Amino acid sequence: MLTSWLGPQQATTPLVYHILLALLASGVLLYLLHRYLGPRGRRGLIVVATFLFGLFFGLEYFLPVRTKTLWPTGLPNVGGSAGNLLTPGIEPMSNILAVIGAFTVGLGVYSLVQVHGRNVLRRRAGWYNSFAFFLSFFAMFSFGLWQYSLHLPEPIPPTLTLTQRIANDGYEILFQGLYAPLQAATFSLLAFYIASAAYRAFRIRSAEAALMMVAAFIVMLGQVPIGAWLTRGIPNEGAIALLRLENLGEWVMRSLNSPAQRGIALGVAIGALAMSLRVWLSLERGTFFAEQK
Amino acid sequence: MADQSGSSGQMGAGASAGGFWARLQQIPRYYIYLLLAAVVIWQILFPIPFPVTPSATTRGLEEAIRAVPEGKLVLISADWDSSTQAETGPQTAAVVEACFRHRKRFVLMTLSPPMGAKLANNIASEIAKQYRATYGVDWANWGYKYGTSNVLMAMVKDVPKTVGSDFYGKPVKSLPIMRGVRTVKDIGLVVEVTGLAGMTEMWIGLIQGPQGVPFAAAYTAVMAPGYYPYLDSGQIEGMLVGAKGAAEMESLIARPGLGMAIMSAQSWAHVLIILFIIVGNLGYVLARGREKSG
């Protein structure tokens, strides 16, 4: 089964054993940590791990390049990107992060199942919504995995076996016919809210509000072809070309918006740096288990 | 208390006094929704086409695709899902068309969200049929790669090893298109198509800047204003802004598609919103004048 999920090339026997062994070892490790580490110990472990990982990536980025590496690597010095003594560790570290990330997906699924499972079992108000979650989750999961395990070629051949047809069509109907349109429809509702909000909120209560409205009109019309059509009589050469709505809109974006955005970006970057430092050093209020007693 | 009346929920000057001018400020939201829906449906069914003039930002992207050297790939990072598909879908299609049109081999990849890999694949597969392009030779899909910044850092060293298998689970090393592709420097241009903030910063910080790989982007109209500074600094070669950017690209490569089709509806929707704003303000100003005078 693993062979069909992972693909014929990747599911070599050692890889399967490695995956199973890693899962087993992770399970044992998690159990031991949960069993023997109290809240203080867990917090300490997370604080130390966060600091060490942050230190590694920080140092790797800031240390000068082309010095001796800390450990040998089989990788050639490709494209002149030799890096520094910590650079060879980037790949294994990244793999560790990817694996941890994969575990968090599992944690998310576990949490969803727990919450919605309780709702269904105790027949809480709106339990049918939770039931719908299970139905859609397992349908998408099963057909997704089934279709993937078949490794159908591209383009999909017209002659498929019945099993292949059911797996492929089932997945396409669920993904392309249900999930994608539902998500698109939900997001497209925003257009209606924006129209209504613009009508209600844009009032010329002050000179600044009037200025903002004028800029909004220019950009809104400059962003669509009807704007260019409205001012098509103005020549598109010389200084007067700026009065064409598409050019005026572009000028607002590049000459007025751009400097403001640059300032915002600088402010946000400095704020993010300060915030990152606080998280890295576990100083941020509410970090990890700070609220746990 | 929640507004049950369906009215605007906000009273402007003179609204309390009632009257025609006050009512102009309180058009029930249902009428706004209905009118907007009617305008969009009208323009989808009976479009009034307007000529599309390509902007400098779109021209920049098209020129960047044309400038990709022979033997190097265009990497289209399709980091979007169906929530922004109305804009990012036509943008992806336009970029894919431009690649085929200019005979540039390209690969698709998705860093986030995972759904983009499938949606972009559907688009590219359809267009590839029109150009009789072969998967694995003229184009490929690396699929969804988990880890964002870690993936980019690893790609600096070894692309085939980082990517591993393609969208169909096939090892990318076995694809003819990957011949000669070792590191990220073998990519001639990265085109980021996204509705997600933060992706560009990663591409520029880890790939465009340190490795010197040219970078271009296609953004949803709402997020594009934030990326103009990168365009001014030359870190972004070119940019598609919303569905209009897709329409402009389609116009540049003379292949009218979904972007052009959307433009009529979007044009009239914008006009309608502007009219609503004007009507609301007319009511506000005149009602305030009446209040002052009496």
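Good morning. Two residues are in contact here if their C-beta atoms, placed from the backbone, lie within 7 Å. With that rule in hand, I turn to the structure, which is a predicted model.

I begin with the place where the two chains meet. The contact draws 51 residues from chain A and 59 residues from chain B. On the chain A side, at least two residues each come from α4 (90-121), α6 (162-201), α7 (207-222), α8 (225-230) and α9 (245-280). Of these, α6(A) gives the largest share, with 12 residues. Sorted by class, the side of chain A that touches chain B holds 28 nonpolar, 15 polar and eight charged residues.

Let me stay with chain A for its domains. The assignment gives domain 1 as residues 125-201 and domain 2 as residues 204-293. Between the C-alpha centres of these two domains of chain A there are 34 Å.

Strand β1(B), residues 73-79, runs parallel to β4(B) and is joined to it by seven bridges. In that pairing, B:Ala78 has B:Val193 as its bridge partner. Strand β5(B), residues 215-219, is also parallel to β4(B), with five bridges between them; here B:Val190 is partnered by B:Phe215.

Finally, helix α11(B) covers residues 258-293, which makes 36 residues. From first C-alpha to last, α11(B) reaches 53 Å, close to the expected 52 Å. Thank you.

Note on methods: Residues are numbered from 1 along each chain as its sequence is written. Chains are lettered from A and ligands numbered from 1 in the order in which they are written. This is a predicted model: local features need pLDDT of at least 70, side-chain atom pairs count only at pLDDT 80 or more; totals for chains, interfaces and linings use all residues. Helices (H or I, at least four residues) and strands (E, at least two) are DSSP runs, numbered from the N terminus. The expected span of a helix is 1.5 Å times one less than its number of residues. Domain bounds come from an automatic or database domain assignment. Ala, Val, Leu, Ile, Met, Phe, Trp, Tyr, Cys and Pro count as nonpolar, Asp, Glu, Lys and Arg as charged, and the others, Gly among them, as polar. Two strands pair if DSSP finds at least two bridges between them.
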